[in-house]
Structures are given as structure tokens and as C-alpha cells.
Amino acid sequence: MENVNKVINDFCTKGFAVIPHFLEDNETELLKNECKTLIDKMDSREEHAVFSTGDDQKANHYFMTSADKIRYFYEKNAFNASGDLVVDKYLSLNKIGHALHWLSPAFKSVTFSPKVKQLVKNVGFVDPVVVQSMYIFKNPGIGGEVIPHQDATYLHSTPEPKCIGLWFALEDATEENGCLEFIPGSHTDGLHTQWIRTNDENSSMKLTKEMSEFGKKIDEKAFIKVPVSKGSAVLIDGLVVHKSDLNHTSSGRPIYTFHIFDQNNRVWDPLNWLQPSPQLPFPSLYDN
């Protein structure tokens, strides 16, 4: 692994750190092949959801009950007005989530690997649990942008947020195909907004609880692009502001990502959209 001291220093000062060659080629291929198998079994005529990251974010029941399941979320332009899939199903998806880390042996093997556990220990997490996981496609032509955000907006805890994301490039992530972009040091500015459950009959959600004016005044010029090579891991503080652009190339930019919450002296917010279920309590990273 990249020099541990450099990784921790980057993470603490910038809010993110890049670790090249974290995954071996056989591990990236394992995850891509498993994803193809999942899509082979997918039926677009079944209940599904379209996913986007715009400011008018809503979520249907299919999304809200996905914490303990493997579910499919399409790009907004994948269907016509009649609800028919109008693109190849292998190019139609925004992501698959949110329990890949537990229900898929391939993704589970990477998530709970010894090197992941050691990395999280190096960060100082005492009692980490895995709360969600996603395979994000960023397909060519249809793959949407991800707007500036903090992960803790969606994955909040009290008395303060304590979550990290691990983001694995399964192909090279370049400036042209929508690599991650960060505002270095923005994790020190606190939480801007919190996305909470509403109590309406559709189980929809909305952004609420504005925490500071900074969230409304993000300086787009402050972002830096962070291209990484296939197999790299990016360690992401839950409070750092990040985004990704559209994919402007003819190939996908697939990644696997999951989020970890340190429940040591902290409580998962019951207003988060994502909640543990009797079928799948948040699994301990260190004990599995």
C-alpha cells in the first residue's frame, strides 16, 4: 500500500487520499464480472427506480427499502414516456446498490478484505460498520454528473458525523470520463445540509436543515480533478465536498464504493434515508 503516513496525512489535511494499486487486476475483474452476472439476471419490466443527484432529489419505496437488498437504479434517459427501456440494458444503469457488500460473495470478499480492515484501522476507526455499497457505471453518453455534495448529508450521525467512503476505480478514471473532483480541506467546514426522511405516504425525501451558508456558495473554481488509475482506492472523508462530471468518452467509468460508519460513541441518525433492518443490521467491518 502507498506509504501509510502519506495516506493519513493527505486524508487529514485534504479530506481525501489516493492509494494506487490497492486492488489487483483479478479483484477488479472479479467485481466487473459479478456485475455483468447481476445485469444478466435483471428484468427492466420489474419495479425499478431512476436515480439522479439533482437538487430536487426524491426517492420512491423501491429506493427507500434497498438497504438490505441488491437493486437496480437507471439513468433518467433510459426509458421513454411509456416506460419502455430505450437503450441497451448493459448501458442503462446509473448504479446497483445498496447491499452488494453483504449479499454478493464477490463484493463481500473485497469489502471485508484484510487490507480494507487495515486501512480503516489506520484512519482510527474503532467500531466500524458497513452501511451501504454501490456499483456506479458512469456509462458513455448517458452517465450523468454527480453534483457537489458531502456524503454525511445522507449518512449522518450524532453527536457528529463520522463516516468515510472507499471508492475503487475498476477502470482508469480520467478527466474526460468523469473522475472525482474535490475541494481540498472542505471537510473542516462542517456539515452543510442533511437529507432526511419525510413522513408522507410516498416515503419521499428532501434536502432540509440548512447548516451553513457555505453550502449555497460553493466555489466551482476550488475543485481539483483527481484522475486515478485502474485498481486505485480513494479514501473520502464524509464531510469533504466532491463531485464528478459527465462521461464524455465512448467507454464506461465503472467503480465500486461503500461507506463505513464508526459507531464508537456515536448514534446513527434515525432520520437518515438508509436504515439497518432486522434482515441486515449494519455488519461489523472487523468481525467479518
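The side chains of Glu 181 and Lys 225 come together in a salt bridge, with N to O at 3.0 Å (the term covers a side-chain nitrogen of Lys or Arg within 4 Å of a carboxyl oxygen of Asp or Glu). Glu 181 sits in strand 9 (residues 180-182) and Lys 225 in strand 12 (residues 224-226), so this pair ties together parts that are 44 residues apart in sequence. Strands here are DSSP runs of E with at least two residues, helices are runs of H or I with at least four, and both are numbered from the N terminus. Glu 181 counts as buried, at 6% relative accessibility, while Lys 225 counts as partly exposed, at 35%. As for those words, buried means under 20% relative accessible area, exposed means over 50%, and partly exposed is in between (1.4 Å probe, protein chains only).

A word on the model itself. This is a predicted model, in which local features need pLDDT of at least 70 and side-chain atom pairs count only at pLDDT 80 or more, whereas totals for chains, interfaces and linings use all residues. Residues are numbered from 1 along each chain as its sequence is written, and side-chain values use heavy atoms, with hydrogens and water left out.

Back to the charged pairs. Side chains of opposite charge can pair when their charged atoms come close. Searching the whole structure turns up 11 salt bridges. One of them links Lys 243 to Glu 220, with the closest N and O atoms 2.5 Å apart. Lys 243 belongs to strand 14 (residues 242-244), and Glu 220 to the loop between strand 11 (205-208) and strand 12, so the pair ties together parts that are 23 residues apart in sequence.

Glu 29 is partly exposed, with a relative accessible area of 31%, but Lys 32 is buried, at 17%.

Most residues other than glycine have a negative phi, and most peptide bonds are trans. Against that background, the peptide bond from Gly 97 to His 98 is cis, with omega near 15 degrees, and His 98 is part of strand 4 (residues 93-98). Another cis peptide bond runs from Thr 158 to Pro 159, with omega near 10 degrees. Pro 159 is found in the loop between strand 7 (157-158) and strand 8 (163-169).

Lys 138 is not a glycine, yet has a positive phi of about 45 degrees; its place is the loop between strand 5 (128-136) and strand 6 (146-149). Asn 265 lies in the loop between strand 15 (255-262) and strand 16 (267-268), and is exposed, with a relative accessible area of 68%.
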